[in-house]
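Me: Hi! Could you walk me through this structure? I'll ask as we go.

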Amino acid sequence: MEFSFTNEEQTFREDLRAFLRNELPRGWTGGREDWDNDVFPVAQQMRKKLAARGWLTMGWPREYSGMGAGPVAQAIFGEEMLYHRAPGRDQFGLRMLGPTLMLFGTEEQKREHLPRIAKGERLWCQGYSEPGAGSDLASLQTRATRDGDDYVVSGSKTWTTGAHRADWMFLLARTDPAAPKHKGITFLLMDMRSPGVSVRPLVNMVGDHAFNQVFFDDVRVPCTNVVGETNRGWYVAMALLSFERSGVEHVGAARRLLDDITRAARETLRDGRPLTADPIVRHKLAERAVETQVARALAYRVAWLQSKGQVPAYESSVSKVFGTELNQRIANTGMQVLGLHAQLEKGSPRAVLDGVLRSYYLYTVAPTLYAGSSEVQRNIIADKGLGLPRA
């Protein structure tokens, strides 16, 4: 593994940084969900501009509307976008479904969906989590019953990010109820405009509308929308999750938050001296800085493995656990270092970092749960990485 970037990769990083400095609205602090009403118009504009440069899918192969730059370049794109808190990516289409379709999709599915994802014309959401299923994805109860050339889908999904904005959903449905738990599941592509689909908003504790509950009332999905083999969707789902868990986005967010907290600690005086003069504060910030570099190496290792044609399994879980829990530690450190003013909301005249730290402190709970909780990831690491016996 190379621990340095190529000249081309470094040049791209600088070009992207310059682009973001020019294109993001003046005074942009970010820290809100792309799907929220306040951010979505900006996200749409940014998506079109990024697509026009081919950057949304620059890591994809050229035959699939990409630039052939590879997974490492794509990871650089993700890291810089998150560092600048820039809206405009369709993480579900770009980072998850696109690479999955390249592995498991039919030629018709690739021709239909990949170019539209690359152009930012078709937004996706993920139909995995279900009410009552918790972190046990395989216990899903949404059914898909074969009827002629269609499947008829009934059930519900919850915590569905961006469902109120998405054009399409990829989802898992049980197609053989008599099969063992991890079998009899099929991976489907569903048009969100299909009759029988309804979306109910769920506002998170930060105050953003990103989550939703989605209901399926006998929704007809053509059999041609099955990805991979019928009743073997679990394998497709696991491959997609390995793309989702690569973790470089968590690193970009962590670096930015730590930089902001460090800057605020330098500028905040206590008894006439900056907070960073306190050795305890310095040690806490130094610990987080070292951990951020570790998280970055773990995330880029996943991208490097992908560039070699491998599908990382436990490596993605290691990156996901470390990156998401690091963001929690950084937010906690910020709260401890910057004091009570860090708890104030955006708009308050005494809010630290314009309330962004408060939002992140609340938001960093969710990433340790979605895409498989930290407990689930540790089980994967124990099983697939260390070869330990199942409990």
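Me: Not counting residues up to four places away in sequence, what does Ala75 touch?
Reply: Ala75 touches Val248, Tyr300 and Ala303, where contact means heavy atoms within 4.5 Å. A word on the source: this is a predicted model, in which local features need pLDDT of at least 70 and side-chain atom pairs count only at pLDDT 80 or more, while totals for chains, interfaces and linings use all residues. Residues are numbered from 1 along each chain as its sequence is written, and side-chain values use heavy atoms, with hydrogens and water left out.

Me: How far apart are Ala75 and Val248, in sequence and in space?
Reply: They are 173 residues apart in sequence, and 6.3 Å apart in space from C-alpha to C-alpha.

Me: Is Ala75 buried or exposed?
Reply: Ala75 is buried, with a relative accessible area of 8%. Buried means under 20% relative accessible area, exposed over 50%, and partly exposed in between (1.4 Å probe, protein chains only).

Me: Which helix is Ala75 in?
Reply: Ala75 is in helix α3, residues 71-83. Helices (H or I, at least four residues) and strands (E, at least two) are DSSP runs, numbered from the N terminus.

Me: Why is α3 described as largely enclosed?
Reply: Eleven of its 13 residues are buried, so the rest of the structure largely encloses α3. Among the buried ones are Gln74, Glu79 and Glu80. The cover over the buried residues of α3 includes α1 (7-23), α2, α7 and α8.

Me: What about the largest nonpolar core: which residues touch the most other members?
Reply: Tyr128, Phe170, Phe187, Leu189 and Leu338 do, out of 78 residues in that core. Helix α7 (residues 248-267) gives the most to this core, with nine residues. A nonpolar core here is a set of buried Ala, Val, Leu, Ile, Met, Phe, Trp, Tyr and Cys residues joined through side-chain atoms within 4.5 Å.

Me: What is Tyr128 in contact with, leaving aside neighbours within four places in sequence?
Reply: Its contacts include Lys157, Phe170, Phe187 and Leu241.

Me: Last topic, backbone angles. Which phi does Ser65 have?
Reply: Ser65 has a positive phi of about 70°, although it is not a glycine. Most residues other than glycine have a negative phi. Ser65 is in the loop between α2 and α3, and is partly exposed at 33% relative accessibility.

Me: Where is Asp271, and what is its phi?
Reply: Asp271 is in the loop between β9 (269-270) and β10 (273-274). Asp271 is not a glycine either, but has a positive phi of about 55°. Asp271 is exposed, with a relative accessible area of 77%.
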